[in-house]
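Please find below a short note on the model under review.

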Amino acid sequence: MFSERLTGEQSLSQDFEALSVSKRLVRSVSQKLRKKNHRSASEEDDAVKGISIRCLTLYGIGGGCKVGADTSDEFGDPSSRRRSSASDEGKGYKLICGAEETGVDCFSYGVKERFWKKHNRKDFELEESVGNSRMHIFLPDDILEMCLVRLPLVSLMTARLVCKKWRHLTTTRRFLQMRREGLHQNPWLFMFGAVKDGYCSGEIHALDVSLEQWYRIDANILKGRFLFSVASFQDDIYIVGGCSSLTNFGKVDRSSFKIHKGVILFSPLTKSWRKVAPMKHARSSPILGIHEVSTDFSVGQMHICRQDRRPRTRIGGVSDVYEDPHRLSLRRHSRNSIEENETSLPSRKSYKFARPRSDQTGMRSSKRFVLIAVGGHGSWDEPLDSGEIYDSMSNKWTEIQRLPVDIGVVCSGVVCKGIFYVYSETDKLAGYDIERGFWIGIQTTFPPRVHEYYPKLVSSNGRLFMLSVSWCEGDGQIGRRNKAVRKLWELDLLYLTWTEVSVHPDAPMDWNAVFMADRNLIFGIEMFKIFGQVLDFFTVCDVSDKEMQWNHISRNHVTHEFDASSCMTKSMAVLHL
């Protein structure tokens, strides 16, 4: 009986011993399976070195923690790992955390992720990028548009490179309208007509006024073209006319050139170019004016009289028979003799127009505007007195009434409250009524000026300004100290009187300075060559401020690499983007 009991206890102890061995075997196999499931191709090198991610068993000697990493010489032999584990258990190590049956992770919170990131950087970065790329999938398009519309222009251009969906969302008409009507716009200054090494570079230099950072935009479509004019409306820029060399393409050469009548539209928000309807006559350096009109505005034959269609004459004594050989000199002489009896400035009451309502009213959701181009130089480099108007709805140009005979050659123009004001080299001011379609003379007394510098007209928030250079000392007399300054004058549209409102801080070194207004800001560019280098002054004046002080907005001198001919060919446009 006792022997049977002893035999039972021996068998029970053998069973417990076998159970403990099988338990160690199961634990070892489970750990191997766990490592095999979580091991990637990059982790195999770590496995060869005996590194494991999860702790096999936690034992302690003197408070230390032993990670289950095999340090035997035979790394590839599985039996060596089992003998190492058994020998560790036989040495009397005690469990310090968790039960032996449970798989305890010896890594604290975040240590495991850092370990994986360190040894599996490529996989971790791939998973992170995939997770980030899928974040916007769960956001509605409205939320995405609200986020993207608040980005600055440079960040918006970068966001379009993320994916096709973002690019599509930021180029729709709805998004552009939200961007245009929002409060997240900054003024941008675009400078055209840069000449480098004697050639038109075909580059546009854009200045972020808020950050005073310059950017360069490639415009191969403008390469080789110079002496063109630009006008802006909302977030688009129109490049009108210009000329290019016939013998040396791309070079600024006036000996043999071609005058253009094409018009190009540039959209900075979408970086897109497209051609619109060309003008009826080729022009270089035309005087432009742009104005928003109502949808029922009509541009028809009422803008030009039958008796006003006289041929363009070349100032300087050369007959225009060579321009159109089918014209007879006798017929031209008789027609011109009749036109001499006409008055130069018609009155408003003599014109009565019946404006029909446009059939295309409401066809387009975008705002309708007209672009006026007058003056400039023709194919024979002769000053032009003709003009034409472009309708954005019909995409057509229509000739308008010619400039008054006694006004001379116009040198500046701007639209203010529906009137296109032009200033001539003979110090005369005229206005074209866009709604009624005729010119009116404006009798006013101009402030004294230096005749080498022609005044520039700008319009800001319904106010008409003029920048002119006048003497403040010496009056230009020989033998006396002469000092000239550039002043800002404002015209009282009711009493037609000029009032000085501000003085420009820089000396007038550039006789072809460009000034442009957008909203309540007037921007100016002056470029001149001194000591063999082209320098520039970029200034801005806030007309809403009572003091109306001028401030410099760029100190980078981006024009250092330009030629001196850039002072003559430059042009500027200002947009809020």
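1. The model is predicted, and the remarks here should be read accordingly. The protein comprises 577 residues, of which 43% are buried. Its secondary structure consists of eleven helices and 30 strands.

2. As to the contacts between residues at least 6 apart in sequence, 58% connect residues at least 24 apart. The accessible surface amounts to about 32,300 Å², and carbon and sulfur atoms account for 53% of this area.

3. Aromatic pairs number 14 in the structure. One of them joins Y390 and W397 in a tilted arrangement, with 5.3 Å from centre to centre and 40° between the planes. The angle falls in the tilted class because planes under 30 degrees apart count as stacked and those over 60 as edge-to-face. Y390 and W397 are both buried.

4. S460 lies in strand 22, which spans residues 456-460. Is S460 buried or exposed? The relative accessible area of S460 is 0%, so this serine is buried, the cut-off for that class being under 20%.

5. Leaving aside residues up to four places away in sequence, S460 touches F465, A517, R519, N520, L521 and V543.

Note on methods: Residues are numbered from 1 along each chain as its sequence is written. This is a predicted model: local features need pLDDT of at least 70, side-chain atom pairs count only at pLDDT 80 or more; totals for chains, interfaces and linings use all residues. Side-chain values use heavy atoms; hydrogens and water are left out. Helices (H or I, at least four residues) and strands (E, at least two) are DSSP runs, numbered from the N terminus. Buried means under 20% relative accessible area, exposed over 50%, partly exposed in between (1.4 Å probe, protein chains only). Contact means heavy atoms within 4.5 Å. Rings of Phe, Tyr and Trp (its six-membered ring) pair if their centres lie within 6.5 Å; planes under 30 degrees apart count as stacked, over 60 as edge-to-face and the rest as tilted. Accessible areas come from the Shrake-Rupley method with a 1.4 Å probe; for residues, only the protein chains shown count as cover.
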